[in-house]
Amino acid sequence: MITDECINCDVCEPECPNDAIYMGVEIYEIDPHKCTECVGHFDEPQCVQVCPVACIPTHPQHVETRETLWQKFERLTAAKQAAQGGGAAGSVPPAAASAS
Ligand code: SF4
Ligand code: SF4
């Protein structure tokens, strides 16, 4: 979660691999359904690393195990792939040129 000490410096938002950070009414906020604490992408939470005022503690109501976070990562990845159209439909290999 992001506390009200946030100074809206815009640094964390582009660092999130899950697009979980967004501008709220007054300060940036984190969508807990999208945040995996960077599990699946990085060893450390990227937003916490870059925040200059250290205002991103773990949300006390969203304490999750690494396993739960990993499952969320897999769900998000599957959803992203589905949104992108899934398989390789349309990628028809070019016909081999035939020498005559
Ligand atoms: S911990 Fe990682 S996934 Fe969660 S909001 Fe921060 S950058 Fe995004
Ligand atoms: S990096 Fe920290 S201070 Fe900057 S916008 Fe994000 S939460 Fe706010």
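**Cysteines, ligands and core**

Let me begin with Cys55, which counts as buried because its relative accessibility is 3%, where buried means under 20% relative accessible area, exposed over 50%, and partly exposed in between, with a 1.4 Å probe and protein chains only. Before I go on, please note that this is a predicted model, in which local features need pLDDT of at least 70 and side-chain atom pairs count only at pLDDT 80 or more, while totals for chains, interfaces and linings use all residues. Residues are numbered from 1 along each chain as its sequence is written, chains are lettered from A and ligands numbered from 1 in the order in which they are written, and side-chain values use heavy atoms, with hydrogens and water left out.

Which cysteine sulfur is closest to that of Cys55? It belongs to Cys51, at 3.7 Å, which is too far for a bond, given that a disulfide is a pair of cysteine sulfur atoms within 2.5 Å. Cys51 is itself buried, at 16% relative accessibility, and a search of the whole structure finds zero disulfides.

Around ligand 1, the surrounding residues include Cys16, Cys35, Cys38 and Cys47, along with Ile21, Ile30 and Glu37.

Cys55 belongs, too, among the residues with the most contacts inside the largest nonpolar core, which has 13 residues, and Ile2, Cys6, Ile21, Ile30, Cys47 and Ile56 are the others named there. Such a core is a set of buried Ala, Val, Leu, Ile, Met, Phe, Trp, Tyr and Cys residues joined through side-chain atoms within 4.5 Å.

Turning to the aromatic rings, the structure holds one aromatic pair. Trp70 and Phe73 form this pair, which is tilted, with 5.0 Å centre to centre and 45 degrees between the planes; rings of Phe, Tyr and Trp (its six-membered ring) pair if their centres lie within 6.5 Å, and planes under 30 degrees apart count as stacked, over 60 as edge-to-face and the rest as tilted. Trp70 is partly exposed, at 39%, whereas Phe73 is buried, at 15%.

Finally, the backbone: Asp10, although not a glycine, has a positive phi of about 70 degrees, and Glu37, also a residue other than glycine, has a positive phi near 55 degrees.

Notes. A residue is near a molecule or strand if one of its heavy atoms lies within 4 Å of it.
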